[in-house]
Amino acid sequence: MTDPFTAAVATLPTLDLESMNRQAALQVRHDRKYIVPAPVATDLVLWAGTGRAGVGQAMALEVAGTTASPYGSTYYDTPALEAYLMAARRHRHRFKVRTRRYLDTGDCFLEVKTKSASGQTVKHRIPWNLEDGTLAGDGLSFVAERLGRRISGPLRPVLHTFYRRTTLLLPGLGTRLTLDRDLLWTPAPAEHPTDDPMDAQGPLQLSRRLVVETKSAGHPTAADRWLWRRGIRPVAVSKYCAGQALLHPDLPHHRWHRTLHRDLPVAPSAPNDPLTADAHHTDPDRKGLRP
């Protein structure tokens, strides 16, 4: 039986990746993130399908025959968790480093995300062959070049995420709307038993909520205003920082305390859960590129 959210997305016309990138690539953009109950996310999709969100009816990105693409990411940080702590302390020059895997195509990228002086999200990335262990060589050089400085320590994997993403184009506005379901956080195992004294709790799955993001070149979108009218406001926490704080409660997280405890209901996910298995699956016979 099809769930209401999937049924709502199925009512939308679809477009391919080339058309999406032509109209709204948005590698430099303003992001607004929301934690949205599943029924409200379904209503948002239905509303976007009426054409009120932009000029014309919203369209859903279809890749490899699906509008719910599985994504896997591995986040890297220093032994002192420099990237996490800079975000927790609202440091102006905070950053994130991750590999992103499009599990339905097998493509992988190494990405560095920073904030511009005007608060825009700036994403740089290069094609990458997925590797386990500490980021070194060309990867570390790429990160240092994008940040304009050397990192204070080696970059090692600390967190894995998995989710299924539906991406909508709001025509005429150059705006994208992403809706992420089945979000799963899994701690990356330490390279050596003594590397990480914190408990390796997890994996944890977000329950009954979707992570919704609006991505635009500037001003709030019609989708932002739709959410605001329903009392849903943007949250400042990233998937990386939320996952680290939930898996390791001893880490500083005062900045996000309300969001973590009010908006992010989580439940343990067993290692043999189908979602956990999908997080490590790729199909090398399918290829494509996505923003």
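Start on helix α5 and select Asp 138 and Glu 145: these exposed residues sit on the face of α5 turned away from its buried side. The model on screen is predicted.

**Stop 1: the other face of α5**

Stay on α5, residues 137-147. Now select Gly 139, Phe 142, Val 143 and Leu 147, which are buried. They share one side of α5, because the arc they cover around the axis is only 125 degrees.

What do the buried residues of α5 pack against? Show β5 (95-102), β6 (107-115) and β7 (121-127): these are the partners. Then step just past the end of α5 to Gly 148, where phi is positive at about 75 degrees.

**Stop 2: aromatic pairs**

Next, display the rings. The count is seven aromatic pairs. One of them joins Tyr 84 and Trp 256.

Move to Tyr 102 and Phe 109. Their ring centres lie 6.1 Å apart with the planes at 75 degrees, so this pair is edge-to-face. Tyr 102 is buried, with 0% relative accessibility. Phe 109 is buried at 7%.

Ring pairs link Tyr 71, Tyr 102, Phe 109 and Tyr 163 into a cluster.

**Stop 3: charges over rings**

Tyr 163 leads on to Lys 239. The charged end of Lys 239 sits over the ring of Tyr 163, 4.7 Å from the ring centre. For another such arrangement, select Arg 230 and Trp 226. Here the charged end of Arg 230 lies over the Trp 226 ring, 3.8 Å from its centre.

**Stop 4: positive phi**

Turn to the backbone. Most residues other than glycine have a negative phi. Where does Leu 81 lie? Look in the loop between β4 (69-77) and α4. Phi of Leu 81 is near 55 degrees, positive in a residue other than glycine. The residue is buried, at 7% relative accessibility.

Now go to strand β9 (residues 175-187) and pick Asp 182. Its phi is near 60 degrees, again a positive value in a residue other than glycine. Is Asp 182 buried or partly exposed? Asp 182 counts as partly exposed at 23% relative accessibility, because the cut-off for buried is under 20%.

**Stop 5: Thr 259**

Finish in helix α8 and select Thr 259. At 12% relative accessibility, Thr 259 is buried. Which residues does Thr 259 touch, not counting those up to four places away in sequence? Display Val 235, Val 237 and Leu 264: Thr 259 touches these, with residues up to four places away in sequence left out.

Methods:
Residues are numbered from 1 along each chain as its sequence is written. This is a predicted model: local features need pLDDT of at least 70, side-chain atom pairs count only at pLDDT 80 or more; totals for chains, interfaces and linings use all residues. Side-chain values use heavy atoms; hydrogens and water are left out. Rings of Phe, Tyr and Trp (its six-membered ring) pair if their centres lie within 6.5 Å; planes under 30 degrees apart count as stacked, over 60 as edge-to-face and the rest as tilted. Buried means under 20% relative accessible area, exposed over 50%, partly exposed in between (1.4 Å probe, protein chains only). A charge sits over a ring if NZ of Lys or CZ of Arg is within 6 Å of the ring centre and within 35 degrees of the ring normal. Helices (H or I, at least four residues) and strands (E, at least two) are DSSP runs, numbered from the N terminus. The arc is that of the directions from the helix axis to the C-beta atoms. Contact means heavy atoms within 4.5 Å.
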